[in-house]
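Me: Hi! Could you look at this one with me? I have a few quick questions.
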Amino acid sequence: MAVEQYLHLSSGHKMPILGLGTWMAKEEETIAAVNEALAMGYRHIDTAPVYLNEQAIGGVLKEWISSGKIKRSELFITTKLPAPGGNNHELVELTLRKSLQDLQLDYIDLYLIHTPFTVVLADDNGGDMKRNADGSVVIDGSTDHIGIWKEMEGLVEKGLAKSIGISNFNIKQIERLRKHCKIQPAVLQIEYHVYLQQPDLIEYCRSANIAITAYSPLGSKGVANLDKMAGVKRDLPDLFDIPVVKEIAKKYNKSAAQILLRWIVDKGISVIPKSTNSKRMHENKDIFDFKLNQQEIEQLNKLDANIRVVDFGFFKGINKHPEFPF
Ligand code: NAP
């Protein structure tokens, strides 16, 4: 019943090609969704401290593992060094230990540096950021990727993380890390979908044996909420409404979402669609009983338009960060 397709990572571990994203879900929804996802065969769960749901997920994992319904070794759990305030090499181990405590786990399967950039947190922060008078975030340009990575390597050596990787890094940033690392990054997690295909970055990662995880593979609706809260006005594309996607979906009697996901996994890229809806979680998992033909794959390849949905514009002024663009 479990989704059995894996990517083999340079760390020697394997990552299920399909996982469940958990960003922007309320606590109760998360608990129900993770329970249901495990029951329907999802084994890979993606979280992060900034999603504020590690405790909720941890409660569910604990219940499944302690009741013997699942073995820890069957699960693949990813969490991240928190963005954008936690990119500090002195805090890496402490931060992962807090995530492990919340997730009620002894180790994490994959620990990612969430973003290549850092901003300054407010003194009295409840996680909020310090801001300039114009509302822009106060940038911390001293982000030390190499120092952080060395600490990440220490986590593997201590058995706290099975694999380590990065998220939202560009080629230059990955290249710099790789020149200085003992342990190569196993995974890069990036926004990836038909409208944002990033061919140079994908090619680079393939040549460096870095597996890719596609986030926001359905175009993410969560960003609209963040943009709204930050006062950012922009039109976001609707990937479900692309005529060629709808046409192919009709042919296979599948949904647009299933076509978008199948196209990604066929490239050997893992996907972590977020859903808290039972029907849609089932749908997102049922993508292995049909195959797109070459012509359809090419039609979808041609949709690339360099449209980035998660552009971090909700952090006003982030484009001034020395590590920009990410
Ligand atoms: P996404 O998975 O592309 O889209 C999620 C949205 O699509 C939700 O509104 C969901 O609503 C809806 N949806 C899911 N399945 C559907 C289906 N079959 N048909 C129609 N609608 C469907 O966006 P995302 O949450 O931004 O990305 C996925 C995960 O990637 C996140 O949850 C997070 O774990 C990770 N992520 C990582 C980063 C990073 O910086 N590393 C950034 C963004 C996201 P319902 O829940 O109502 O179904």
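This is a predicted model: local features need pLDDT of at least 70, side-chain atom pairs count only at pLDDT 80 or more; totals for chains, interfaces and linings use all residues.

Me: Thanks! And which residues of H7 are buried?
Reply: H7 spans residues 222-229, and Gly222, Val223, Leu226 and Asp227 are buried there.

Me: Why are they on the same side of H7?
Reply: The arc they cover around the axis is only 135 degrees, which puts those four on the same side of H7. In general, an α-helix has 3.6 residues a turn, so residues three or four places apart point the same way.

Me: Nice. Which exposed residues does the face turned away carry?
Reply: Lys228 and Met229 are the exposed residues on the face of H7 turned away from its buried side.

Me: Switching to the ligand: how many residues surround it, and which are the closest?
Reply: There are 27 residues around the ligand, and the closest are Asp46, Leu218, Ser220, Ser275 and Arg280. By type, the shell divides into 9 nonpolar, 13 polar and 5 charged residues.

Me: Which helix gives the largest share of that shell?
Reply: Helix H10, residues 278-285, with 3 residues.

Me: What lies 3.2 Å from an oxygen atom of the ligand?
Reply: A polar side-chain atom of His114 does. From the backbone, an N or O atom of Trp23 lies 2.9 Å from a ligand oxygen, and a polar backbone atom of Thr22 is 3.1 Å from a ligand oxygen.

Me: And how much of the ligand's accessible area does the protein cover?
Reply: The protein covers 90% of the 910 Å² that the ligand has on its own.

Notes. Residues are numbered from 1 along each chain as its sequence is written. Side-chain values use heavy atoms; hydrogens and water are left out. A residue is near a molecule or strand if one of its heavy atoms lies within 4 Å of it. A polar contact is a pair of N or O atoms within 3.5 Å; within protein, one must be able to donate a hydrogen and the other to accept it, and residues adjacent in sequence count only if both atoms are side-chain atoms. Accessible areas come from the Shrake-Rupley method with a 1.4 Å probe; for residues, only the protein chains shown count as cover. Helices (H or I, at least four residues) and strands (E, at least two) are DSSP runs, numbered from the N terminus. Ala, Val, Leu, Ile, Met, Phe, Trp, Tyr, Cys and Pro count as nonpolar, Asp, Glu, Lys and Arg as charged, and the others, Gly among them, as polar. Buried means under 20% relative accessible area, exposed over 50%, partly exposed in between (1.4 Å probe, protein chains only). The arc is that of the directions from the helix axis to the C-beta atoms.
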